[in-house]
Amino acid sequence: MTDIRDRKKDHVELTVTDGTQYQTPTGFDQFYFNHNALPEVDHGQVSTSATFLGRTFDFPLFISSMTGGYADAGPVNAIIAEFCETENLPFGVGSQRAMLEDESLTDTFSIVRSKAPNAFIASNIGGAQLIGGLKKKLLKRLTESIEANAVIVHLNPLQELMQPEGDRNFKGILNGIEQLVSDTKLPVIVKETGAGISEHTARRLLNAGAQVIDVAGAGGTSWAKVENYRTSNKTANHSFDEWGIPTVECILELSRLEWERSFEIVASGGIRNAFDIAKALSLGAHFTASAQPVIKAIKEDGYEGLQQLYTTWKNDLKTILTLLGHTNTNELNHSDLKRKA
Ligand SMILES: Cc1cc2nc3c(=O)[nH]c(=O)nc-3n(C[C@H](O)[C@H](O)[C@H](O)COP(=O)(O)O)c2cc1C
């Protein structure tokens, strides 16, 4: 059986390759921006700041949960932590399951709080680990190891089913989430990992007490592809490589639900530039999140690689806001987009 540490390491190596990305589009390309030839704003005064769970950040981007739980994860987590502390961005650590199973791995996660004493950091645990209820002692370890500001639960049935060694029982996750909500004072965020969250699923998660839904829809990293690359040709099942609800569909479904329910929508899954971010916010998301471009930039060029990516995205978002006649991200709305014929 593959060790969880090897698996997490494989994931980092594989997700930076184009072959693990969906061919199915996110849906952002269906739209173009409603250019404003008379913006009447001072570009120098345009702000990219945005609020998430009551806190104001410099840019509407959450660095998605990725690493932790193997020896090399510490330095990557340290770069993300230092970066988010400096740039005032929120981020999540990767699944903490490994440190719950082996306490000696706690340092690969707790390093983030020493590098980012003031940042917003979210814990991360899989839905399957909540079946039957997460023991209070483990929940305490999960959140206290990083002095978490929120707890993320990831749902990934597609990925698990594509893993020969993956979980097969998904019964009891919803009750587990409900119990988690009542056992913690921290806000609970529920995310997918790339196959998307429908309105129906979101409704059940909100009834269980989730405060934020991160759609993590299809169009970016395909976890069926990642797992198929890891297995031998014999056991790979490529029929599910494109399975999932495209990110834009998820945003549109959830923003309809937001008319009747109070919660925050994070748009993720294939967020690859500032144009995707602006479109996601215009379609109704409150915030966005991205994983693969971040890990790719760090793998290629460390802290500087991430800095370069962020500078481009920030400058581009500022330009987009100006070209739409807006002074801040709150002003983005449906009328900023037109659907291509
Ligand atoms: C290397 C890597 C490791 C990941 N590990 C986790 C994880 O431990 N927990 C989790 O919730 N999501 C994990 N994800 C999924 C991402 O958080 C994200 O939901 C998904 O990759 C879709 O976003 P993207 O298209 O921007 O990559 C991981 C993603 C990558 C690229």
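Start with the term. On a 1 Å grid over the protein atoms alone, a cavity is a set of points where a 1.4 Å probe fits but cannot get out. A pocket is an open set with protein on both sides within 12 Å along at least five of seven lines. Lining residues have an atom within 4 Å of a point. Grid points join across faces, edges and corners, and a volume is the space filled by probe spheres set on the points.

Now the ground rules. This is a predicted model, where local features need pLDDT of at least 70 and side-chain atom pairs pLDDT 80 or more, while totals for chains, interfaces and linings use all residues. Numbering runs from 1 along each chain as its sequence is written, and side-chain values use heavy atoms, without hydrogens or water.

Cavities next. How many of 30 Å³ or more does the whole structure hold? Four. The largest cavity has about 640 Å³ of space. Its lining has 40 residues, with K8, S65, Q159, T193 and W223 nearest the centre. Helix α1 gives the most, six residues. Helices here are DSSP runs of H or I, at least four residues; strands are runs of E, at least two; both are numbered from the N terminus.

By class, that lining has nine nonpolar, 24 polar and seven charged residues. Nonpolar means Ala, Val, Leu, Ile, Met, Phe, Trp, Tyr, Cys and Pro; charged means Asp, Glu, Lys and Arg; the others, Gly among them, are polar.

The second largest cavity has about 50 Å³. Its lining divides into nine nonpolar, no polar and no charged residues. Among them are L61, F83 and W313. Helix α12 supplies five, the largest share.

Helices α6, α7 and α8 each give two or more. The classes are 15 nonpolar, nine polar and four charged.

The second largest pocket holds about 270 Å³. Of its 13 lining residues, L281, A285, H286, T329 and N330 are closest to the centre. Five are nonpolar, eight polar and none charged.

Last, one side chain. R113 sits in helix α4. What is the nearest side chain of opposite charge? E147, 4.4 Å away. R113 is buried (under 20% relative accessible area, 1.4 Å probe, protein chains only). The side chain of R113 reaches the backbone oxygen of P117 at 3.3 Å. A polar atom of that side chain also lies 2.9 Å from the backbone oxygen of A119.

Terms used:
Buried < 20%, exposed > 50% of the residue type's maximum accessible area, 1.4 Å probe, protein only. Lys, Arg positive; Asp, Glu negative; His and termini not counted. Salt bridge = Lys/Arg side-chain N within 4 Å of Asp/Glu carboxyl O. Polar contact = N/O pair within 3.5 Å; in protein donor to acceptor, adjacent residues only side chain to side chain.
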